[in-house]
Amino acid sequence: MSQLKTIQDENLTGWLPRLAGNKGPRFLQIADALQVAVADGSLTAGDRLPTQRQLAAQLGVDLTTITRAYDEARRRNLLEGRGARGTYVAAPKVELTAILDLSMNTPPPPEGVDFDDMLRQGLSQVLMRADNELLMTYHLGGGSDSDRKAGARWLEPMFGPLDSRQVVVCPGAQAAIAALILALTEPGAVILAEPTSYPGLRAAAAQFGRHVIAVGADKHGMLPELLEEACRQHQPALVYLNPTLQNPTAITMPERRRRELAGIAQRCDVRIVEDDPYWLLADAPPPPVAAFAPAQVLYISTLSKCLTPGLRVAFVLIRDPAERERFLVALRSFALMVAPLTAALATQWILDGSADRLMEGVRKEARLRHRMARDVLAGRYSGAGDGLHVWLELPAYWNSSQLALAAASYGIAVTPAEAFATGSASVNAIRISLGSIKDRGRLQAGLQRLSHLLARRPESFSAAVV
């Protein structure tokens with residue numbers, strides 16, 4: 001009783017959560033409640049918290065739960081231990097940079113998932129089951145049998161059961177795109193793409209002396225009649241498509257359009273590279289283009305965009321054995337293999353179900369962030385509510401480069417449309433990435449700053465800055 005009275009006397013119980021079984025792990029609920037209390041001023045720097053035993057008794061949970069909650073709160077820089085004197089709310093850390101980064105397209109921290117614990121457990125399982133020497137030596141490119149089987153499992157939602165021998169494991173999607181260009185095209189060859197497309201394609205093509213030519217698109221993606229015309233005119237070696245939650249426009253190409261483009265590729269005997277990093281994050285996406293023309297389409301799925309950027313693993317579905325070998329030869333010329341430890345962790349997570357849980361957490365968090373963007377950006381938001389980014393068309397009084405510069409002065413990083421332009425023409429828009437800022441509160445602050453900036457005209461902003 002006296003312990004409880006001490007807590008009440010210190011007036012520090014108002015932040016305590018009502019623990020619910022359907023809101024994720026209890027230790028995270030407690031840590032989240034601490035974070036909210038610090039943010040809204042209910043707890044301030046220097047406030048002394050109950051001991052772990054006191055709090056466990058107050059909430060009716062075991063001591064381990066409170067220990068994990070306090071550890072998580074320390075990791076978030078919310079608490080600090082002062083030895084025998086107890087645990088206190090930490091003073092806020094000074095930000096070394098004020099930039100709010102809305103430019104890097106990465107997955108957000110997963111909702112309801114203890115990523116640190118998942119990482120520790122995954123690595124523990126890998127180290128327990130694998131030969132440590134094999135984790136630290138050279139491997140033949142393309143992945144081990146178990147890595148390829150994991151890749152086939154990963155691709156099952158898109159294609160159903162696959163022959164794992166048709167799956168190649170690569171160190172990321174960018175490496176896969178570069179290797180496909182090297183393997184399937186000659187210097188000077190033409191690659192067709194949409195007018196606004198992934199910059200990594202253009203960078204790889206330029207490095208290898210290939211030419212990217214834009215094919216017109218509408219709100220459903222690349223136009224079939226213009227693709228057929230471009231195939232006759234340019235005799236392309238490849239067509240590049242990113243048909244699901246396209247980077248940067250966030251368009252998901254409907255099934256009919258996918259079938260039409262697949263049919264043209266078959267008639268014109270041109271290969272399609274289908275770069276599909278967001279399929280598993282989308283809400284009921286159509287089947288991949290590769291499902292309609294299996295012999296014509298080379299399909300790429302990366303873990304970096306739907307799980308975590310540090311997991312540099314991509315799976316490439318190449319059905320033709322001769323093309324697979326050419327691809328591997330090209331890949332070995334600049335990226336011998338996926339780091340074995342990374343590949344082993346990816347395989348462990350896919351096969352034990354952790355990857356699915358992590359992806360579901362990313363999907364939930366991404367949708368929460370889209371709702372936030374819709375609310376903050378009001379009538380300007382035009383996203384589909386899923387994926388990692390928003391394509392924001394600008395009012396006529398701003399152009400995208402001008403806005404990106406002004407936003408930087410405002411402490412916000414965004415990506416202008418020019419960065420994605422395949423041809424000379426470009427729409428007047430910016431890409432806003434919703435996952436790169438870890439904390440939702442800071443993301444909301446960045447979106448609010450951007451919204452205020454968009455409401456002003458460039459001349460008034462320039463005058464204010466001067």
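**Reading helices, strands and burial in a predicted model**

Q: How are two packed helices described, and at what angle do α9 and α10 pack?
A: Two packed helices are described by the angle between their axes and by the distance between those axes. In this predicted model, helix α9 (residues 224–234) packs with helix α10 (residues 255–268) at an angle of about 15°, and their axes are 9 Å apart. Angles under 35 degrees count as roughly parallel, so α9 is roughly parallel to α10.

Q: Is the crossing of α9 and α10 left-handed or right-handed?
A: α9 passes α10 in a right-handed crossing.

Q: Which residues make the contact between α9 and α10?
A: From α9 come Pro-224, Leu-227, Glu-228 and Cys-231. From α10 come Arg-257, Glu-260, Leu-261, Ile-264, Arg-267 and Cys-268. Sorted by type, the residues of this contact are six nonpolar, four charged and no polar.

Q: Now the sheet. What is the order of the strands in the open sheet?
A: Strands of a sheet pair through backbone hydrogen bonds, either parallel or antiparallel. Here seven strands form an open sheet in the order β4-β12-β11-β10-β9-β5-β6, and the pairing is mixed.

Q: Which strands pair in the parallel sense?
A: Take β10 and β11, which are parallel over four bridges. Asp-275 has Ile-300 in β11 as its bridge partner. β9 and β10 run parallel too, joined by four bridges. Strand β5 (residues 190–193) pairs with β9 in the parallel sense over two bridges.

Q: What do side chains do along a strand, and which residues of β9 point each way?
A: In a regular strand the side chains alternate between the two faces of the sheet. In strand β9 (residues 238–241), Leu-238 and Tyr-240 point one way. Val-239 and Leu-241 point the other way, and all of these residues are buried.

Q: How many residues of β11 are buried?
A: Six of its six residues are buried. Both faces of β11 are covered. Val-297, Tyr-299 and Ser-301 lie on one side, with Leu-298, Ile-300 and Thr-302 on the other.

Q: Last, a single residue. Is Ser-400 buried or exposed?
A: The cut-off for buried is under 20% relative accessible area. Ser-400 has 1%, so Ser-400 is buried. Its place is in helix α14 (residues 400–409).

Q: Which residues does Ser-400 touch?
A: Leave out residues up to four places away in sequence. Ser-400 then touches Leu-394, Pro-416, Ala-417, Glu-418, Asn-428, Ala-429 and Ile-430.

Key: Residues are numbered from 1 along each chain as its sequence is written. This is a predicted model: local features need pLDDT of at least 70, side-chain atom pairs count only at pLDDT 80 or more; totals for chains, interfaces and linings use all residues. Side-chain values use heavy atoms; hydrogens and water are left out. Two strands pair if DSSP finds at least two bridges between them. Buried means under 20% relative accessible area, exposed over 50%, partly exposed in between (1.4 Å probe, protein chains only). Contact means heavy atoms within 4.5 Å. Axes are lines fitted to C-alpha atoms, for helices over the stretch in contact, and angles run from 0 to 180 degrees between N-to-C directions. Angles under 35 degrees count as roughly parallel, over 145 as roughly antiparallel, 65 to 115 as roughly perpendicular and the rest as oblique. A crossing is left-handed if the near helix is turned anticlockwise from the far one by less than a right angle, and right-handed if clockwise. Ala, Val, Leu, Ile, Met, Phe, Trp, Tyr, Cys and Pro count as nonpolar, Asp, Glu, Lys and Arg as charged, and the others, Gly among them, as polar.
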